[in-house]
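I opened my notebook today to look up a few things in a protein model. Come and read along with me.

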Amino acid sequence: MKHYPFFLIFLLLLLACESQLHNTPKETVIAYITASNQFDSQEVENLLVLNSENKIKLETLKKMEKSIPDERKTEFKDRYKDAVYYEKEITDSTAIIVVTPKDNVTLPIEFDLKKIKTKWLIESIIYH
């Protein structure tokens with residue numbers, strides 16, 4: 001019982017730190033790219049507005065995760081590692097982030113984000 005207040009303080013600090021994650025549009029996009037390259041469909045789902053287009057992307061990711069052999073999955077982990085993230089437009093409730101890979105082979109990707117309550121979520125992804 002003596003340690004209960006310390007545990008409670010630790011728990012509150014942990015929750016406060018967790019709520020600070022992905023608090024900018026750029027951080028949300030980086031988290032999305034990292035999660036999708038690791039085939040973490042649960043984290044990807046947490047970063048998306050679940051409209052019909054994004055549900056299709058999520059289902060595709062789940063199918064890829066099941067169909068791609070584990071040894072091939074490692075090829076995706078560092079994809080977009082050195083990409084350039086350009087904050088094209090940011091308002092209080094919307095944002096556009098353009099991600100340009102440095103490999104000069106992959107085309108840029110535009111992420112349209114929407115702030116829902118206090119969390120930035122990806123509303124659409126446009127491959128150019």
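Here are my entries, from the whole chain down to a single residue.

**Ground rules.** I am working with a predicted model, where local features need pLDDT of at least 70, side-chain atom pairs count only at pLDDT 80 or more, and totals for chains, interfaces and linings use all residues. I number residues from 1 along each chain as its sequence is written, and side-chain values use heavy atoms, with hydrogens and water left out.

**Whole protein.** I found 5 helices and 4 strands (DSSP runs numbered from the N terminus: H or I with at least four residues for helices, E with at least two for strands). Along the sequence they follow the pattern α-α-α-α-α-β-β-β-β. I also noted that 30% of the 128 residues count as buried (under 20% relative accessible area, with a 1.4 Å probe and protein chains only).

**Helix H2.** I looked up residues 25-37, the 13 residues of H2, and its first and last C-alpha lie 18 Å apart, close to the 18 Å expected at 1.5 Å a residue (the expected span is 1.5 Å times one less than the number of residues). Its buried residues include Pro25, Tyr32 and Asn37.

**Ser124.** Where does Ser124 sit? I found Ser124 in strand S4, residues 119-127. Ser124 counts as buried because its relative accessible area is 16%. Leaving out residues up to four places away in sequence, Ser124 touches Asn54, Glu110, Phe111 and Asp112 (contact means heavy atoms within 4.5 Å).

Terms used
Buried means under 20% relative accessible area, exposed over 50%, partly exposed in between (1.4 Å probe, protein chains only).
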